[in-house]
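Dear colleague,

Please find below the structure that I am handing over to you. My notes on what was found in it follow directly after.

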Amino acid sequence: MPANSVVLSACIAEVEALRYTPAGLPVLNMRLEHESQVPEVGQARQVKLAVKAVAFGAIAERLAKQAIGSVWRFTGFLANAPHGKSVTFHIQEFSQD
């Protein structure tokens with residue numbers, strides 16, 4: 001089975017309030033924005049995207065303290081949202097890009 005691993009340099013565009021699961025686990029929902037130029041079929045392609053993201057535990061608590069508009073390198077995986085209508089980036093680590 002193929003790996004599901006994503007590394008994305010992006011800025012924090014929106015952050016919801018830090019919340020907690022019934023078991024007490026911190027959860028942070030956010031929206032990340034990315035803009036870059038990548039080669040595709042020998043041409044430079046301008047890429048702009050926004051992605052829903054979520055972080056849990058200590059990562060969520062650390063991310064909740066970061067400024068809107070700050071740029072980070074995020075590592076994680078993709079999964080369907082709970083209702084299966086969209087994809088969410090699950091952040092497992094982040095660092096200054």
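**The aromatic residues**

Tryptophan 72 and phenylalanine 94 are both buried. Please bear in mind throughout that this is a predicted model.

The structure contains 2 aromatic pairs.

Why is the pair of phenylalanine 74 and phenylalanine 94 called stacked? Planes under 30 degrees apart count as stacked, and here the planes are at 25 degrees, with the ring centres 6.3 Å apart, so the pair is stacked. This pair, too, links distant parts of the chain: phenylalanine 74 lies in strand β5 and phenylalanine 94 in strand β6, 20 residues apart. Together, Trp72, Phe74 and Phe94 make up one aromatic cluster.

Burial is assigned from the relative accessible area, and a residue counts as buried under 20%. Phenylalanine 74 has a value of 0% and is therefore buried. Phenylalanine 94, at 4%, is likewise counted as buried.

**The chain as a whole**

The protein chain has 1 helix and 6 strands, and their order along the sequence is β-β-β-β-α-β-β. Its C-alpha trace spans about 50 × 35 × 20 Å along the principal axes. Of the 97 residues in the chain, 33% are buried. When contacts between residues at least 6 apart in sequence are considered, 52% of them join residues at least 24 apart.

**The nonpolar core**

The largest nonpolar core has 18 residues, and those that touch the most other members are Ile12, Met30, Leu32, Leu63, Phe74, Phe89 and Ile91. At least two residues of this core come from each of β1 (6-15), β3 (26-40), β4 (43-56), α1, β5 and β6. Strand β1 gives the most, with 4 residues.

Isoleucine 12 deserves a separate look. Leaving out residues up to four places away in sequence, isoleucine 12 touches a list of residues that includes Met30, Leu32, Leu63, Trp72 and Phe74. Ser70 is also one of the residues that isoleucine 12 touches.

**Serine 70**

Where is serine 70 placed? Serine 70 sits in the loop between α1 (57-63) and β5 (71-80). Is serine 70 buried or exposed? Its relative accessible area is 17%, and serine 70 is therefore buried, as the limit for burial is under 20%. A polar atom of the serine 70 side chain lies 2.6 Å from the backbone oxygen of alanine 67. Apart from neighbours within four places in sequence, serine 70 is in contact with Ala10, Cys11 and Ile12.

**The largest pocket**

The volume of the largest pocket is about 300 Å³. Its lining consists of 17 residues, of which Asn29, Lys52, Ala53, Val54 and Thr88 are the closest to its centre. Strands β1, β3, β4 and β6 each supply at least two residues of the lining. The largest share, 4 residues, comes from β4.

With kind regards

Methods: Residues numbered from 1 in each chain as written. Predicted model: local features only at pLDDT ≥ 70, side-chain atom pairs only at ≥ 80, totals over all residues. Heavy atoms only, no water. Buried < 20%, exposed > 50% of the residue type's maximum accessible area, 1.4 Å probe, protein only. Polar contact = N/O pair within 3.5 Å; in protein donor to acceptor, adjacent residues only side chain to side chain. Contact = heavy atoms within 4.5 Å. Phe/Tyr/Trp six-rings, centres within 6.5 Å; stacked < 30°, edge-to-face > 60°. Core = buried A, V, L, I, M, F, W, Y, C linked by side-chain atoms within 4.5 Å. 1 Å grid on protein atoms, 1.4 Å probe; cavity = no way out; pocket = protein on both sides within 12 Å on 5 of 7 lines; lining within 4 Å. Points joined across faces, edges and corners; volume = space filled by probe spheres on them.
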